[in-house]
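Here's a short tour of one protein model. Have a look at the sequence and the 3D view, then read on.

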Amino acid sequence: MSTSFRYTEPLPPKAATGRTAEVYAQLSRDFGIDEPPTFVVLSSAPELLAATWALTRESLIAGPGSRTGKELAALGVSLANKCPFCVDAHTVLLHATGDHAMAERIAKGHQPENEEHARVLDWGRGSRVPGATLGDGPLPFPREEAPGYLGTVLAFHFINRVVSALLTEKMLPCNLQRFRTVRSLTGRTLARTVRRTAVPGESLALLDRPDPGEAPAWAGGTPVGVAYAALLRAAMAGAGLLTREDQDAVEEVLQDWDGEHPSLALPGVPGRDERPGARLVLLAALAPYRITDEDVAAWRRPEHTDHCLVHLVSYGAFLAVDRIESAFHRDIART
């Protein structure tokens, strides 16, 4: 197994059975990667794995909008969230779309030369701030493509946080993805899959329930909305790992969150000796890259399995997603 995993020991994908094996099979076919740590790390909680894959597939891969545009939005999100693993992954995937020069411009810290591409990247980056908009201008994509773009951005606000909390920064052994030639070659191996048209809705059969709850209006009746509702349901189940008092404390901090990365003092985040569970949830939401071995050890008890830890981190990650998602209703209404 990969050494990418920090605090969990997922079963090897080849040992997977049932729904988890079905998710891996669809991942291999539609994502082009057999064992992506991004998803394998969720495998101890199959309901989270399936819902995360569903939202990713139905928005980024099969949803409306160009794959290049949605990769740019996801890359902007990953830059805003300070997730090196995901920044590298989306740079490689831009190579897979055939946009080699643009991928390398962004890798060097420059903006895309194309103004529309630059606006999409900036929109993705700005989406970390709840309620942020592009001033008085329109969204940087046609309204009919909103389900694909918004679903992609929300999926990666969630995935970035899970990755930063539970994986190392090594996308490839020895961080080989930091070399331009490796990024380009890796992208080319994925090109056929990335450029293939995917049929919307095929991941929904992998979900716990055919009707996981009310889909958001911005999804426009597409499979993206069903997948988002499923991830909301699965992630929010992690609240049961906190006391009611801890849940209230977490929600109070997040109500005032303005999208900023917290200072070293971590204002509002309780100490690990005081409320270790609430601390992990808030760090997962606001600064998952600040989670330490000591934070996890302070919370973990013999009864806390990998399933529990994945759910606790996912709960925190989705609380941030929920704050961001609430602003999209206004953004879509004004276009």
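## A leucine on the inside

Leu49 is buried, with a relative accessible area of 0% (buried means under 20%, exposed over 50%, partly exposed in between, using a 1.4 Å probe and protein chains only). You'll find Leu49 in helix α3, residues 46-61 (helices are DSSP runs of H or I with at least four residues, numbered from the N terminus). Leaving out residues up to four places away in sequence, Leu49 touches Thr20, Val23, Tyr24, Phe39, Leu42 and Ser43, where contact means heavy atoms within 4.5 Å.

## What you're looking at

This is a predicted model, where local features need pLDDT of at least 70, side-chain atom pairs count only at pLDDT 80 or more, and totals for chains, interfaces and linings use all residues. Residues are numbered from 1 along each chain as its sequence is written, and side-chain values use heavy atoms, with hydrogens and water left out.

## Charged partners

Side chains of opposite charge can pair when their charged atoms come close. Count a salt bridge whenever a side-chain nitrogen of Lys or Arg is within 4 Å of a carboxyl oxygen of Asp or Glu, and you get 17 of them.

One of them joins Arg57 and Glu202 at 3.4 Å, N to O. That pair links distant parts of the chain, with Arg57 in helix α3 and Glu202 in the loop between α9 (180-194) and α10 (223-236), 145 residues apart. Arg57 is buried at 0% relative accessible area, whereas Glu202 is partly exposed at 33%.

Methods: Helices (H or I, at least four residues) and strands (E, at least two) are DSSP runs, numbered from the N terminus.
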